[in-house]
Amino acid sequence: MRYYIFCATLLLSSKFLAQQQPVFKKEKICVIGTGYVGLVTGIGLAHIGHDITCVDIDAKKIANLKNNIIPIYEPGLKELLIPAVKKRDNSKQSLRFNTSIDHEIQANDIIYIAVGTPMSDEGHADLRAIEATLNNIAKNITTKKIICMKSTVPVGTCAHAKQTLIKKGVNPLLFDIVSNPEFLKEGTAVEDFLHGDRIIIGCENKSAGERIKNLYLPLINNGMKYLITNLESSELTKYASNGILATKIAFINEIAQLCNKVHANVQDVATGMGMDKRIGNKFLNPGPGFGGSCFPKDTKALEATMKKNNLDAHIVRTIFKSNEQHKQVILDRINTALENKENVAILGLTFKANTDDIRYSFAIDLIENLQKKNKNIKAYDPQGTDNMKQLFPNVTYCTSKEDAIKNADLIVIVTEWDEFKTLDLKTCAELCRTKCIVDTRNIFKPQELKRHNFTYFNIGNM
Ligand code: NAD
């Protein structure tokens with residue numbers, strides 16, 4: 001008898017457990033905004049089995065994508081795009097691109113918002129693209145939708161978006177808003193999508209949050225962590241994460257400046273600090289200051305949010321300022337090195353290696369500074385040249401690092417591309433006119449530079 005009760009309990013509990021286990025369901029998703037984030041999200045979600053349509057107002061971008069031309073440089077992305085597009089017509093994967101935003105909002109059940117939220121002139125997040133997207137959504141909701149906010153938006157934006165849609169006459173029963181901020185790093189975005197550290201989901205309606213979580217089930221079953229919380233905590237997790245990462249960079253750059261003054265070696269200091277598990281060894285690389293599309297704008301937006309909430313936040317208030325001051329220290333050093341000299345070779349234009357993104361790159365500050373002083377600039381970057389040409393058409397862009405270095409009075413290393421790390425200093429010394437290097441990424445060993453008779457300045461590296 002006892003045996004039968006045991007078996008029945010086992011059967012019931014396994015049935016119960018089976019019911020509790022979420023099962024993967026293919027969803028129909030429209031991703032609005034096909035930039036770095038929207039494209040990686042769209043291709044990634046298609047790769048794990050969803051039916052995706054990526055839309056954008058940029059018709060040229062969409063036309064290129066329809067021809068399998070990826071508008072950004074992101075390692076590994078094309079390798080996922082091609083099979084996702086090819087399998088469009090059979091059962092498992094599908095990925096389409098188009099500009100019919102209204103139609104796609106109507107046709108899909110889940111709408112991802114991945115449009116840009118750049119820094120406004122006043123230093124807070126410019127939400128005009130979000131507002132335009134909400135307008136489109138309001139006009140086209142006829143069936144129940146989940147609206148999922150991927151763009152980085154200040155805390156309170158999702159709740160505000162809900163009110164905006166209601167004010168525009170949308171029935172609140174027709175939609176749920178979910179926050180699902182993005183944490184990808186340009187240059188390793190595909191890897192981050194597939195094997196990232198975490199998925200953060202904020203929601204008011206738990207079942208909508210669960211449905212977004214279940215989109216990522218193949219990744220979660222593979223060990224990716226997730227957290228479901230409320231809308232505001234999710235939005236703030238994104239800003240707080242970027243705030244702490246930017247703080248680490250600004251901090252080690254300040255320490256590097258001190259190292260330059262007191263005969264200490266910042267690489268050793270960072271290694272020693274990183275041996276403490278509480279600190280960790282990531283994000284302690286000194287450089288020319290943080291750039292890119294996220295840290296500058298997100299730290300400024302966090303500062304603005306603090307201010308709006310009447311908080312005098314000492315740390316947050318100084319992250320951006322410290323970074324700007326650090327960049328100025330390097331520019332001053334470059335200007336000193338260039339007294340009575342004319343020709344500058346810039347190696348690297350992007351804000352970091354393995355991307356073509358030049359947004360808030362130190363190279364922009366550098367070119368502006370040099371052009372004001374009428375210096376001759378030759379620049380080389382493996383991926384960022386086309387983007388920089390649009391900002392500064394009057395720079396001489398080279399097709400090789402050697403070409404850029406030829407006859408230079410000063411070489412400035414801006415980006416830590418692998419191909420610069422293997423630069424032969426003997427060849428460099430032969431090509432340039434004056435042996436002088438400002439190495440903002442500490443890629444050269446000071447002993448090697450000395451051996452080849454270079455005068456040099458680096459970021460706290462003896
Ligand atoms: P992006 O500028 O590369 O792409 C934005 C895209 O949105 C563009 O293609 C643009 O044409 C399109 N767009 C603008 N308005 C539109 C509209 N009304 N309808 C449809 N499409 C529209 O921006 P991004 O770097 O992909 O960033 C998008 C968001 O993700 C931002 O909030 C950003 O802060 C956040 N984010 C970016 C990164 C990153 O590394 N780039 C990482 C995490 C989060």
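Buried area is the accessible area, taken with a 1.4 Å probe, that two parts lose on being put together, summed over both. The legends below use this term.

This is a predicted model, in which local features need pLDDT of at least 70, side-chain atom pairs count only at pLDDT 80 or more, and totals for chains, interfaces and linings use all residues. Residues are numbered from 1 along each chain as its sequence is written, and side-chain values use heavy atoms, with hydrogens and water left out.

View 1. Domain 1 covers 28–229 and domain 2 covers 295–458. These bounds come from an automatic or database domain assignment. The C-alpha centres of the two domains are 34 Å apart. The contact (heavy atoms within 4.5 Å) takes 17 residues from domain 1 and 18 residues from domain 2. About 1,300 Å² is buried between the domains, and carbon and sulfur atoms give 55% of that area. On the domain 1 side, Y73, M119 and E186 lose the most area to domain 2, together 49% of what that side buries.

**View 2. A salt bridge between R359 and E186.** Between domain 1 and domain 2 the count is 1 salt bridge. The term means a side-chain nitrogen of Lys or Arg within 4 Å of a carboxyl oxygen of Asp or Glu. In the pair R359 and E186, the closest N and O atoms are 3.8 Å apart.

**View 3. S179 in strand β6.** Strand β6 spans residues 175–179 and includes S179. Strands (E, at least two residues) and helices (H or I, at least four) are DSSP runs, numbered from the N terminus. S179 counts as buried because its relative accessibility is 2%. Buried means under 20% relative accessible area, exposed over 50%, and partly exposed in between (1.4 Å probe, protein chains only). The side chains of S179 and S234 make a polar contact of 2.6 Å. A polar contact is a pair of N or O atoms within 3.5 Å; within protein, one must be able to donate a hydrogen and the other to accept it, and residues adjacent in sequence count only if both atoms are side-chain atoms. Leaving aside neighbours within four places in sequence, S179 also touches other residues, including M149, C158 and I200.

**View 4. The capped end of helix α9.** N205 caps the N-terminal end of α9, with a side-chain oxygen 2.9 Å from the backbone nitrogen of S207. Helix α9 spans residues 206–215, and its buried residues include A208, G209 and I212.

View 5. N442 is not a glycine, yet has a positive phi of about 50°. N442 sits in the loop between β13 (436–439) and α20 (446–451). With a relative accessible area of 11%, N442 is buried. N453 is not a glycine either, and has a positive phi of about 60°. The loop between α20 and β14 (455–458) holds N453. N453 counts as exposed, at 56% relative accessibility.
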